[in-house]
Amino acid sequence: MTLNEIKNAIRNVPDFPKPGIQFKDITTALKQPEIFHQMLDLMAEKYRHTKIDYIVGIESRGFIFGAPLAYILGCGFIPIRKQGKLPAEIISQEYALEYGTDKIEMHKDALKEGDNVLIIDDLIATAGTAEAAAKLITQAGAKIIGFTFAIELSSLQGRKTLEKYAPVFSLIQYE
Ligand code: AMP
């Protein structure tokens, strides 16, 4: 299977959730077992020889790839969630949206100093979300060993922001 076949399985939905946005819909890829399998295998291959203690997945589509990847690589999975969802003591980080701000949270005791962490989400656009996740992990004293995404919207140059923290890997790229 080629990367092009994976790309063809991702549906583009114009003007969702608002005019001008080209929404990359992964549901059409996830429902095809051989495509989903291959996406995970390619991500896992990249990190097979890297020491990772935890995959940190960003709610909610980061969970879809993050949890099976943690299983394949034999490491733990930690969720970063939207505000108000985690039950125990949390640390939080605000980040800018196009209009206004949003907040993500992680359990305060999820990571300890020196843990090696891979951050995962389905897609990188401006990188605001992933950078907020990086700040949480840094605040916890853990070490970011990389960021991985199924999809990268290259023209938004989010990669530049994240490369200040750690290397960035994406499976499929769009302009
Ligand atoms: P950003 O913080 O700008 O990098 O945006 C990344 C987050 O927004 C990810 O969690 C994505 O799931 C979502 N997202 C942003 N743009 C798109 C898009 N064009 N298609 C699908 N999801 C998107």
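**Close-up views of the ligand site**

**View 1. The ligand takes up the space of the largest pocket.** This is a predicted model. The largest pocket has a volume of about 1200 Å³. Its lining counts 36 residues. Arg61, Leu97, Leu123, Ala125 and Thr129 lie nearest the centre of this pocket.

**View 2. Strands and helices build the lining of the largest pocket.** At least two lining residues come from each of strand 2 (22-25), strand 5 (90-96), strand 7 (116-124) and strand 8 (143-153). Helix 4 (61-73) and helix 5 (128-139) each supply at least two as well. Strand 7 has the largest share of the lining, with four residues. By class, the lining holds 18 nonpolar, eight polar and 10 charged residues.

**View 3. Polar atoms of the protein face nitrogen and oxygen atoms of the ligand.** A polar backbone atom of glutamine 22 is 2.9 Å from a ligand nitrogen. The side chain of threonine 126 places an N or O atom 2.5 Å from a ligand oxygen. At glycine 128, a backbone N or O atom lies 3.3 Å from an oxygen atom of the ligand. How much of the ligand does the protein bury? Taken alone, the ligand exposes 490 Å², and the protein buries 81% of that.

Key. Residues are numbered from 1 along each chain as its sequence is written. This is a predicted model: local features need pLDDT of at least 70, side-chain atom pairs count only at pLDDT 80 or more; totals for chains, interfaces and linings use all residues. Side-chain values use heavy atoms; hydrogens and water are left out. On a 1 Å grid over the protein atoms alone, a cavity is a set of points where a 1.4 Å probe fits but cannot get out, and a pocket is an open set with protein on both sides within 12 Å along at least five of seven lines; lining residues have an atom within 4 Å of a point. Grid points are joined across faces, edges and corners, and a volume is the space filled by probe spheres set on the points. Ala, Val, Leu, Ile, Met, Phe, Trp, Tyr, Cys and Pro count as nonpolar, Asp, Glu, Lys and Arg as charged, and the others, Gly among them, as polar. A polar contact is a pair of N or O atoms within 3.5 Å; within protein, one must be able to donate a hydrogen and the other to accept it, and residues adjacent in sequence count only if both atoms are side-chain atoms. Accessible areas come from the Shrake-Rupley method with a 1.4 Å probe; for residues, only the protein chains shown count as cover. A molecule sits in a cavity or pocket if more than half of its atoms lie within 2 Å of its grid points.
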